[in-house]
Amino acid sequence: MFKKIGVLGAGTMGNGIANVISKNDIQVIMVDIDKDNLEKGYQSIQKSFNRSVKKERMTESEKEDALKKITISTEMESLSDVDLVIEAAVENLETKKGIFAKLDKIVKDDSILSTNTSALSITEIATVTERKDKVIGIHFFNPVPMMKLVEVIRAAETSDTCYNKVSEFINSINKEAVKVNEAPGFVVNRILIPMINEAVYILQESVASAEDIDLAMKLGANHPIGPLALADLIGLDVCLAIMETLHQELGEDKYRPCPLLRKKVRAKQLGRKTNRGFYNY
Ligand SMILES: NC(=O)c1ccc[n+]([C@@H]2O[C@H](COP(=O)([O-])OP(=O)(O)OC[C@H]3O[C@@H](n4cnc5c(N)ncnc54)[C@H](O)[C@@H]3O)[C@@H](O)[C@H]2O)c1
């Protein structure tokens, strides 16, 4: 099993993933090119652990133990001795391909490279490496410490050994793995993000207010959170990137990103992470 794991990207997802892994018998190194984001990510983990101690979900010594397992760095080269990398950088195909080409040269020959991409082709990302059989999708959900599901996504050349090792790891950290054969948006986002996009169209057309759209879906469809509040949690830039991938890859008008979603992203109103999205925070 994996002894040391690298998490690349310390944003919303990266710090959540490092948080969860550090509670197991595994060393974690979290890397981000942006020093401020790296420090913010580490502080988010500390804050999350402090909340858990307060709520008696974790003891003070468990918190200290978990924090001791996390190291941080701005250098990708510090991932040279990890058994698995989970990449959680921005949702952009060219950026991810650039990262994987570099990682392929840095990590050990038998290390597995994975991406937390929301919708991009893992098969295409794998093409820039010399280890296509050891490239896989590990798709966590936000907020990572709370969400049980992980989609484990097989690309065209992912080996059975790699798939089995990763699934076993996911189960060992107390998450539930679902096996997915690569397709745009995988399972959850193929269903969820078009629904969020439709909610944005409804808002754009003034059919109802943001509050009422969310209330309607909470009370009428029994969703724990409304689609617009969920979009703010995910990040509007991430939602737009996923819609664009679905639209490009599947080519159908039903996947057209809503102009209001595009406008919000251009205005940098990205949701909770910028304190403003469909709601103010
Ligand atoms: N936000 C969600 O709800 C969610 C859920 C599941 C999957 N994802 C996916 O996870 C990935 C990360 O999303 P996020 O919401 O955490 O984004 P984010 O914007 O919060 O964080 C991305 C981080 O990556 C860093 N980064 C950018 N380029 C880098 C590079 N070359 N090397 C190292 N670090 C780099 C940035 O500095 C930033 O800190 C994306 O692929 C996204 O689609 C997001």
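In β4, Glu87 is the bridge partner of Leu8. That pair opens a tour of a predicted model, in which local features need pLDDT of at least 70, side-chain atom pairs count only at pLDDT 80 or more, and totals for chains, interfaces and linings use all residues. Residues are numbered from 1 along each chain as its sequence is written.

**The sheet**

Strand β1 (residues 4-8) and strand β4 (residues 84-87) pair in the parallel sense over four bridges. Strands here are DSSP runs of E with at least two residues, helices are runs of H or I with at least four, and both are numbered from the N terminus. Two strands pair if DSSP finds at least two bridges between them. Strands of a sheet pair through backbone hydrogen bonds, either parallel or antiparallel.

β4 also pairs with β5, again in the parallel sense and over four bridges.

| Residue | Stands opposite |
|---|---|
| Gly6 | Val85 in β4 |

Which way do the residues of β4 point? Leu84 and Ile86 point one way, Val85 and Glu87 the other way, and all are buried. Buried means that 20 or more other C-beta atoms, placed from the backbone, lie within 10 Å of the residue's own; exposed means 12 or fewer, and partly exposed is in between. In a regular strand the side chains alternate between the two faces of the sheet.

The whole sheet is open and has eight strands, in the order β3-β2-β1-β4-β5-β6-β7-β8, with mixed pairing. Its edge strands, β3 (70-73) and β8 (176-181), each pair on one side only. On average, neighbouring strands of this sheet are turned by 25° against each other, direction ignored. Helix α4 packs on the sheet and touches β1, β4 and β5 (112-115). The direction of α4 makes about 165° with that of β5. Such angles run from 0 to 180 degrees between N-to-C directions, with axes fitted to C-alpha atoms, for helices over the stretch in contact.

The protein chain is assigned domain 1 (4-181) and domain 2 (189-273); the bounds come from an automatic or database domain assignment. Their C-alpha centres lie 26 Å apart. The contact takes six residues from domain 1 and 10 residues from domain 2. Contact means C-beta atoms, placed from the backbone, within 7 Å.

Where does the ligand's shell lie? Both domains give residues to the shell around the ligand, so it lies between them. Of the 27 residues around the ligand, Gly9, Gly11, Met13, Asn37 and Asn142 come nearest. α1 (12-21) and α4 (93-106) each supply at least two residues of this shell. The largest share, three residues, comes from α1.

**Tyr163**

Tyr163 lies in helix α6 (residues 160-172). Is Tyr163 buried or partly exposed? Tyr163 counts as partly exposed, because it has 19 C-beta neighbours inside 10 Å. Leaving aside neighbours within four places in sequence, Tyr163 is in contact with Ile136, Val152, Arg154 and Thr158. The C-alpha atoms of Tyr163 and Val135 are separated by 9.2 Å, with the two residues 28 apart along the chain.

Key
Near = placed C-beta within 6 Å. Contact = placed C-beta atoms within 7 Å.
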